[in-house]
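Please look over the structure below.

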Amino acid sequence: MSDVLENLARVLEARKAADPEKSYVASLHAKGLNKILEKVGEECTETLLAAKDAEHSGNTRAVISETADLWFHSMVMLSNLGLGPKDVLDELNGRFDLSGLEEKASRSR
């Protein structure tokens, strides 16, 4: 599963230096972090709305599509900050021995 994220991370890194006129990813980087964060927020909202719709309709296609968009733009954000999926996966892996309540309490320390 993480192969997809690793492959996407490689493509995103390569496209950072591409011509912004020819690459959507390069155009986001050229506009800066605030534009990337705007896109993450937009995709987050669209994901939430799709999930709400799926709860009532039973059709999950839109929530899958919007979640893919959210993950994609989150990966662009991570790339812009010099991070990648391994950083997030390592964090998640480190949480396996903690209960969710313990992990959340540890953040406030």
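The crossing of α2 and α4 is right-handed, where right-handed means that the near helix is turned clockwise from the far one by less than a right angle, and left-handed that it is turned anticlockwise. The helices here (H or I, at least four residues) are DSSP runs, numbered from the N terminus, as strands are (E, at least two). This is a predicted model: local features need pLDDT of at least 70, side-chain atom pairs count only at pLDDT 80 or more, and totals for chains, interfaces and linings use all residues. Residues are numbered from 1 along each chain as its sequence is written, and side-chain values use heavy atoms, with hydrogens and water left out.

**Two helix pairs**

Two packed helices are described by the angle between their axes and the distance between the axes. Axes are lines fitted to C-alpha atoms, for helices over the stretch in contact, and angles run from 0 to 180 degrees between N-to-C directions.

| Helix pair | Angle | Axis distance |
|---|---|---|
| α2 and α4 | about 50° | 11 Å |
| α1 and α2 | about 60° | 8 Å |

The angle makes α2 oblique to α4. Angles under 35 degrees count as roughly parallel, over 145 as roughly antiparallel, 65 to 115 as roughly perpendicular and the rest as oblique. On the α2 side, Y24, V25, L28 and H29 make the contact (heavy atoms within 4.5 Å). On the α4 side, F72, H73, V76, S79 and N80 take part. By class, the contact of α2 with α4 has five nonpolar, four polar and no charged residues. Ala, Val, Leu, Ile, Met, Phe, Trp, Tyr, Cys and Pro count as nonpolar, Asp, Glu, Lys and Arg as charged, and the others, Gly among them, as polar.

α1 is oblique to α2 as well. The crossing of α1 and α2 is right-handed. L12, R15 and K16 of α1 meet V25, A26 and H29 of α2. The residues of this contact are three nonpolar, one polar and two charged.

**The core**

Which residues make up the largest nonpolar core? There are eleven: A9, L12, V25, L28, I36, V40, L70, M75, V76, M77 and L78. A nonpolar core is a set of buried Ala, Val, Leu, Ile, Met, Phe, Trp, Tyr and Cys residues joined through side-chain atoms within 4.5 Å. Buried means under 20% relative accessible area, exposed over 50%, partly exposed in between (1.4 Å probe, protein chains only). Two or more core residues come from each of α1 (2-16), α2 (24-31), α3 (33-57) and α4 (61-80). The largest share, five residues, comes from α4.

V40 lies in helix α3. V40 is buried, with a relative accessible area of 15%. Leaving aside neighbours within four places in sequence, V40 contacts L70, H73, S74 and M77. V40 and H73 are 33 residues apart along the chain, yet their C-alpha atoms are separated by 5.5 Å.

I36 touches L28, H29, H73, V76, M77 and N80, not counting residues up to four places away in sequence.

L78 belongs to helix α4. L78 is buried, at a relative accessible area of 13%. With residues up to four places away not counted, L78 touches L83, G84 and V88. L78 and A62 are 16 residues apart in sequence and 24 Å apart in space, C-alpha to C-alpha.

**The whole chain**

The protein chain has six helices and zero strands. Its C-alpha atoms fill a box of roughly 45 × 40 × 25 Å, taken along the principal axes. Buried residues make up 26% of the 109 residues.
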